[in-house]
2 protein chains.
Amino acid sequence: MAAEASRQAVHDLRDEVLRLLERHRVLASLASRQQTPRHDLLEQMQRRQNLVELQRHLRAQHPADVAAILDSLPGDDRLLVFRQLGPEQAGASLVEASDAVRASLIGELDREELVTALRTLDADDLAFLSGEAPDDVLEEASQSLAAQDRSWLKGARDYEEDSVGRLMTQDVVAVRETQTVAEVLDDLRKRREIPDQTDRLFVVDARQILRGVIPLHMLVRTDPATRIRDVMLGNVERFTPAAPAAGAATAFEKYDLVSAPVVDERGKLVGRITIDRVMDYLREAAEQMALTRAGLRGAEDLFAGVRQSVHNRWPWLALNLVTAFFASRVISQFEETIASVVALAALMPIVASMGGNTGNQTVALVIRALALDQLHEQHGQLVRKELTVSLVNGLMWGAVTGLLAFALYHDAALGAVMMAAVLLNLIVAAVTGIAVPLILHRARRDPAQGASVMLTFITDSMGFFLFLGLARLLLV
Amino acid sequence: MAAEASRQAVHDLRDEVLRLLERHRVLASLASRQQTPRHDLLEQMQRRQNLVELQRHLRAQHPADVAAILDSLPGDDRLLVFRQLGPEQAGASLVEASDAVRASLIGELDREELVTALRTLDADDLAFLSGEAPDDVLEEASQSLAAQDRSWLKGARDYEEDSVGRLMTQDVVAVRETQTVAEVLDDLRKRREIPDQTDRLFVVDARQILRGVIPLHMLVRTDPATRIRDVMLGNVERFTPAAPAAGAATAFEKYDLVSAPVVDERGKLVGRITIDRVMDYLREAAEQMALTRAGLRGAEDLFAGVRQSVHNRWPWLALNLVTAFFASRVISQFEETIASVVALAALMPIVASMGGNTGNQTVALVIRALALDQLHEQHGQLVRKELTVSLVNGLMWGAVTGLLAFALYHDAALGAVMMAAVLLNLIVAAVTGIAVPLILHRARRDPAQGASVMLTFITDSMGFFLFLGLARLLLV
């Protein structure tokens, strides 16, 4: 199917699901109103038939598509739809769903339902869910795994979040360096299946130490009598389970990897990371960053409960109140000045917001440079450049705002104060815009998270202080 | 090599390059001061030797690593380093470098240098650079391509930016549905090379119409006498060149693809997209979005010139001045009120900023839902939820800020006005936070770009208006 057609198919399915859900609600509300037994029976039959139709629609779908539908439904409907899925589909769509939706489903499902769904998953998927599903549920769901898989799962769960260990899977195709190409091909034919994203096989020695890789296409094109050792690629990008996932993601991007081996500290092959997991990781990380920047802490989905939403949002509002309160105290120091030149009250937000905006531009550039690991030993150069830019901008925009103030209030001194304050605040913004992310970075905190609040706090307070301070000196 | 080691190696290389660059500068400045011919000769030799050392260091590196170093150097050094690269390495690192750095290099290199570097690239890479390098340079660089590649390049350059056509490559391995597995394996062995990210071969009929795909691992494991037609997978995700790249990227993520066929409107196989290009596309798009949100239009790199930086930043500052000016006009309507209760001037930024912050939280949620295509026909439900959240938050934070105002100014009426204004502005913020991104989305504009400015504009203006308006009614 073409991509557009597939997208359309998901939309159609969602519309169909919404229609059936609506009918389900209507039937349910009718049932609760009319209490005669005969009607009741008839309606129960209708409702059941309706649900069967819903099941029929859902069960033909790819788990990723079902997950997309779950993501777009409000809580109650989501639960109802999830309960119409077969156990395997339920397990797979739980893995595919977004963090927030998965968390809400795990929270609302009965323990039994959850175990039934999770029991269909393999050790890799269960490891992926660890930390999200309750430990005892995972424990019970993993009972059906082979002993080897269970011990693998136990190991994987011990790695920190956002580590390579959490991303890796155990479905590795490893071959011995002493085998011939013909023997390897023979082994491959005997396997029941080859895991997805297997673009190359990992080559190990007798002690399971990673020696190299051999791409599948090379295997296909090499003389069958050749030893693997003689054709394998030895210099291969590898990762340890404890390493940060972000570093692995960068390597995947940089070297265009599809799969890469994970080895322990002695070089023994313990697993594999694949590009699909790396992409999921990058996507989740990018989304989380966008939400965090706006001050949403955790996994809040669009239809989360009010209680959860309020809880999720309050720390940001509290922080914001503290900073706004401080800026307000700065202003209150100048109440006398404002009382005598009341135009200052109307003009001061302009000074603050010009500073906040230019400062955030600088912050965005510095954060990107830090993320791409581009900033080394050239701080002086960066500061000179940003200072020059802010000087040019400050003179230009200072003049514009100064003229504007003069035009509005016919007061040349007021215009001059405005101009000077904007110029100075833009310089403050440039210095702060560089310093804040660098300081956060050096303190090993994520600059994307706090830099913007801190910057706005400083440009607001300084904007008010500079403008009102200059006004007190020059106007009153 | 382990990933940490590779990262360390890049750092070491950069340090070495920086050291050599520094020595180069010292020698150059010495040379410009002492003008005696003999010294000159000696220093020229030293400088040359220094550059040779730089070349030796650079030429052993992966183009991706060289590109990372180019990205992290200021303009002059970048050019100097680039000029030490061999033509092939120069071409490849130009492809790997970030948009901004590539643009600056293309702008500063001589025409000849650029042509020499680009001549080493294949049609796919040249297509990738089209729109960035001047047309006549591309034309000249493509002279060395085979006629077929040249016509392919010409076609690819006609596709719009951010379309599948721009992402696709022509290095496709296609097989006939009537061939046997043995024949295909034989053909593969005869090929000089197989392109990277070839996880499956594309199956076509005699008219080059795409019929299906066959994964490499399936090829390896199937009886050689089998016809491709009988083992290929028929239902395959495919794309047209004119389709948006974003849609293809979503499909790659959702269905864990490594490569996918591109077909024309008649179903004829015309190219291939691979996961590495999709990742590059997603990364560039995410970075661009982060910069755009902060009001940086285009490709500004960390060490861009002052002139370019000022140019890049002014539209945002102009827009911001207009909105700040409007908010200032709102305040000025209440100058009399402020003159009589000057505390209002100090408190009003709190009302505005509480609104701006909660509103941006809502905006972030709605934008994410739109990006993930999760929002359909459930606007009513969303509005109800966000209104309830803002009501709860408004009552809570209204009470806190009201008490704060009372504590500061010992004026119960002022506290009440503060409380009411915060409550109302949070409700305004919720409604605006939903409406603005939805309206932008419906107008087919990117909500990530303008939503935050528009929202802040409304919550600022309304915050001032509500607070000062209530104060005029109740306090004066």
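**View 1. The buried face of helix α6 in chain B.** Helix α6 of chain B spans residues 99–108. Its buried residues are Ala100(B), Val101(B), Arg102(B), Ser104(B), Leu105(B) and Ile106(B). The model shown here is predicted. An α-helix has 3.6 residues a turn, so residues three or four places apart point the same way.

**View 2. The neighbours of helix α6 in chain B.** The buried residues of α6(B) pack against other helices of chain B. These are α3 (63–71), α4 (75–82), α5 (87–96), α7 (111–118) and α8 (123–129).

**View 3. Chain A and chain B as two copies.** A rotation of 180 degrees, with 0.0 Å of shift along its axis, places chain A on chain B. The RMSD of this superposition is 0.1 Å. That is how a two-fold axis relates two copies. Both copies use the same surface: 100% of the contact residues of chain A recur in chain B.

**View 4. The interface between chain A and chain B.** Here 123 residues of chain A are in contact with 123 residues of chain B. The two chains bury about 11,300 Å² between them. Carbon and sulfur atoms give 62% of that area.

**View 5. A salt bridge between the chains.** Lys254(B) and Asp65(A) join through their side chains in a salt bridge, at 2.9 Å from N to O. The count between chain A and chain B is 6 salt bridges. Polar contacts across the interface link 29 residue pairs, both residues at pLDDT 80 or more.

View 6. Helix α19 of chain A covers residues 343–371. With 19 residues, α19 gives the largest share of the side of chain A that touches chain B. By class, that side has 67 nonpolar, 26 polar and 30 charged residues.

Conventions. Residues numbered from 1 in each chain as written. Chains lettered and ligands numbered in written order. Predicted model: local features only at pLDDT ≥ 70, side-chain atom pairs only at ≥ 80, totals over all residues. Heavy atoms only, no water. Buried < 20%, exposed > 50% of the residue type's maximum accessible area, 1.4 Å probe, protein only. Helix = DSSP H or I, 4+ residues; strand = E, 2+ residues; numbered from the N terminus. Contact = heavy atoms within 4.5 Å. Least-squares fit on C-alpha atoms with pLDDT ≥ 70 in both. Buried area = accessible area lost by both parts, 1.4 Å probe. Salt bridge = Lys/Arg side-chain N within 4 Å of Asp/Glu carboxyl O. Polar contact = N/O pair within 3.5 Å; in protein donor to acceptor, adjacent residues only side chain to side chain. Nonpolar A, V, L, I, M, F, W, Y, C, P; charged D, E, K, R; others polar.
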